[in-house]
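Here are my notes on this one, in the order I would go through them. Have the viewer open while you read.

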Amino acid sequence: MNMRFRLLFSLAAVLMLAAWAAPTDPSDVKSDVPALFAFHDVIYPLWHNAWPNKDLALMKELAPQIREHMAELEKAKLPGILRDKQAKWDAGVQAMAAAVAKYEQAVAGGELQPSLDAAEELHARYEGLVRMVRPVMKELDAYHQVLYQVYHYQWPAKDLAALRASGAELAKACEVLQTAAVPKRFEAKTEALKAAFAALGAATAELNGALAGEDWKVIDTALETMHTRYQDVEKVFEK
């Protein structure tokens, strides 16, 4: 009886580790929120037609569509890769909902300037959510997609083989990142970003050195350091 219990317990443990180590749904590693980008279908005519032309009638016409998109956005879930941004996302969606309510009240009142001001705020809130979701650099996003698997699945499962394979992918992603062009809107931060990229590259190299062995204390420290250096890169963009 005890032997049977031990076998069942061991099987359960193996299945649990396999679940942790299993690849995520492909959508979980894409920085995409379909409801947010669908919202652009109404944001575009609002911002590029109604607002510059001071077309109050069009702003009123768009109001029901804006409300429908807002309802969908409030139900939207972030993919796993963006889970660290959940609190900021929730606050952004709440601010967007408040801007939609202000917009609806303004256009219902029929006064042009308050409606224009409300449309401008609504557009700004929308752009803030887009910037939160959309990767700032495709090269950094490539690194993050691997990091997500490492940090949330392979490391908890202590899957050394998978970690070693991912470590090699992270090293290649770092090489590309070191020579990538900084987006124009972040040119003023080029020096700080290059320093942060270099620190991430060094931490990734240290991680691969740790993964060459089997000392989990050393590996754990290297993984946490690498994750922190990635967060440091994100902070430079956010400042």
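1. Where pLDDT is low, the predicted coordinates should not be read in detail.

2. Now the ground rules. This is a predicted model, with local features needing pLDDT of at least 70 and side-chain atom pairs counting only at pLDDT 80 or more, while totals for chains, interfaces and linings use all residues. Numbering runs from 1 along each chain as its sequence is written, and side-chain values use heavy atoms, with hydrogens and water left out. Over the chain, mean pLDDT is 88, and 87% of the residues reach 70 or more.

3. On to empty space. Rolling a probe the size of a water molecule over the atoms shows where empty space is left. A cavity here is a set of points, on a 1 Å grid over the protein atoms alone, where a 1.4 Å probe fits but cannot get out; lining residues have an atom within 4 Å of a point. Grid points are joined across faces, edges and corners, and a volume is the space filled by probe spheres set on the points. The count comes to one cavity of 30 Å³ or more, and the largest cavity holds about 60 Å³.

4. What lines the largest cavity? The list reads Gly80, Ile81, Arg83, Asp84, His144, Leu147, Tyr148, Tyr151, His152 and His227. Sorted by type, that gives four nonpolar, four polar and two charged residues. In this scheme Ala, Val, Leu, Ile, Met, Phe, Trp, Tyr, Cys and Pro count as nonpolar, Asp, Glu, Lys and Arg as charged, and the others, Gly among them, as polar. Helix 7 (residues 138-154) gives the most to this lining, with five residues. Helices (H or I, at least four residues) are DSSP runs, numbered from the N terminus.

5. Next, have a look at Ala210 in helix 9 (residues 190-211). Ala210 counts as buried because its relative accessibility is 9%; buried means under 20% relative accessible area, exposed over 50%, partly exposed in between (1.4 Å probe, protein chains only). Leaving out residues up to four places away in sequence, Ala210 touches Val218, Ile219 and Ala222. Ala222 sits twelve residues from Ala210 along the chain, with 6.8 Å between their C-alpha atoms.

6. Salt bridges: the structure holds eight, each a side-chain nitrogen of Lys or Arg within 4 Å of a carboxyl oxygen of Asp or Glu. Glu121 and Lys102 meet in one of them at 2.9 Å, N to O. Glu121 lies in helix 6 (residues 112-133) and Lys102 in helix 5 (residues 86-109), so this pair ties together parts 19 residues apart in sequence. Both are partly exposed, Glu121 at 23% and Lys102 at 41%.

7. Glu121 also pairs with Arg125, the closest N and O atoms being 3.9 Å apart. These two are four residues apart in helix 6, so about one helical turn separates them. Arg125 is partly exposed at 39% relative accessibility.

8. Another salt bridge joins Asp232 and Arg229 at 3.1 Å, N to O. They are three residues apart in helix 10 (residues 216-238), so about one helical turn lies between them. Asp232 is partly exposed at 27%, and so is Arg229 at 29%. Going by shared partners, salt bridges join Lys102, Glu121 and Arg125 into one network.

Key:
1 Å grid on protein atoms, 1.4 Å probe; cavity = no way out; pocket = protein on both sides within 12 Å on 5 of 7 lines; lining within 4 Å. pLDDT = per-residue confidence, 0-100. Contact = heavy atoms within 4.5 Å.
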